[in-house]
Amino acid sequence: MKIKSILFSMVAALSLAFTSCEQDNKGAIYNQDNQGASFLFNKVSTSAPASNPIVAIKVVRAKADTEASVNVTYKVLTEGVAGIKVAPVVNFAAGEKEANVGVDLGGQLEVGKKVDISITISDEDASIGGVKTVTLTAYKEYEWESLGKGYFSDGWLCGEDHMVEIMQAKGFPRYRVMDPYLECYTNGDPGIEVQMALRPKYIEFWELEDGVTIDWNGYNTQAIHPSYGVAMEYLRYYDFTGIESDKSMKIDDGIYQLAPYVYMDGIGGWNYTQKPLIYIGLPGCDW
């Protein structure tokens, strides 16, 4: 499969271990007759890598003179999510005032899908004035690795192809084209105004179950149309009514095409969902 002839015709025709963690509403701990166990916050948001989808939620206690076990229960609040497991016991060694309850997001949770889990310390162990229940919002992350240099061409804005770094999500037919417009905007047509600082840092696309059709994240090119003074966005067919499908697909081993709707906010645009504008080649493909 050779792309250069396609690109030439097109030019002529067109002239992302744990990540961020957020907590709310820190609670107080009071000494009392039981362990005085408490969560630090009543809401926690975090994530874990797909290869090791375990998160840990900190539990503290008022007493630490002896080892102790604190019981917890949990409930998955998000419907349709299975395979979540929370350790039923938090073990403290003598002298320890902090320990973790482990949460296994499991193998069934789709990567990127958020799940809400309510975890509650038992009445016999909970602090009187502490946080007895925490709502955990968590998800599994893709882990990205570089495949090396591949190819990218945008027939609408760039014309000629150039080499770019391609990343893949480990274990998934999901890819990122890194900083695809840097070279194009730097060395391309000086007549096109571009908001360089806002240019797309990557294009992410992924194969669907049939192994041919692909989906991708719509994005703003940050290239200003000279006649309308508005940045052009590349959106997917299902962002509009009346368009049932597009030609975004895998067309050869390691070669993909994107067929966007070119859109300008408040103006409209051009429907290229049946006429691919973008070609992407993975490293090693027969470009």
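## Cores and strand pairing in a predicted model

Setting aside neighbours within four places in sequence, Ile 117 touches Tyr 74, Lys 75, Leu 77, Ile 84, Val 86, Val 103, Leu 105, Val 134, Thr 135 and Leu 136, where contact means heavy atoms within 4.5 Å. This is a predicted model, so local features need pLDDT of at least 70 and side-chain atom pairs count only at pLDDT 80 or more, while totals for chains, interfaces and linings use all residues. Residues are numbered from 1 along each chain as its sequence is written, and side-chain values use heavy atoms, with hydrogens and water left out.

- A second, separate core has 27 residues, including Ile 214, Val 262, Leu 277 and Ile 280.
- A nonpolar core here is a set of buried Ala, Val, Leu, Ile, Met, Phe, Trp, Tyr and Cys residues joined through side-chain atoms within 4.5 Å; buried means under 20% relative accessible area, exposed over 50%, and partly exposed in between (1.4 Å probe, protein chains only).
- The largest core counts 28 residues, and Phe 39, Val 103 and Ile 117 have the most contacts inside it.
- In soluble globular proteins, nonpolar side chains tend to be buried together.

**Strand pairing**

- Strands (E, at least two residues) and helices (H or I, at least four) are DSSP runs numbered from the N terminus, and two strands pair if DSSP finds at least two bridges between them.
- An open sheet of four strands runs in the order 2-4-8-6, with antiparallel pairing.
- Its edges are strand 2 (38–39) and strand 6 (85–86), each pairing on one side only.
- Strands 6 and 8 are antiparallel and share two bridges; Lys 85 has Asp 104 in strand 8 as its bridge partner.
- Strand 5 is antiparallel to strand 7, with four bridges between them, and Ser 69 sits opposite Asn 91 in strand 7.
- Strand 5 also runs antiparallel to strand 9, joined by five bridges; Lys 75 is bridged to Ser 118 in strand 9.

**Confidence**

- Mean pLDDT (the predictor's confidence in each residue, from 0 to 100) is 89 for the chain, and 87% of its residues reach 70 or more.
- Residues 11–20 have pLDDT below 50, and this stretch makes 25 contacts in the model beyond near neighbours in sequence.
- Residues 25–29 are also below 50, with 16 contacts beyond near neighbours in sequence.
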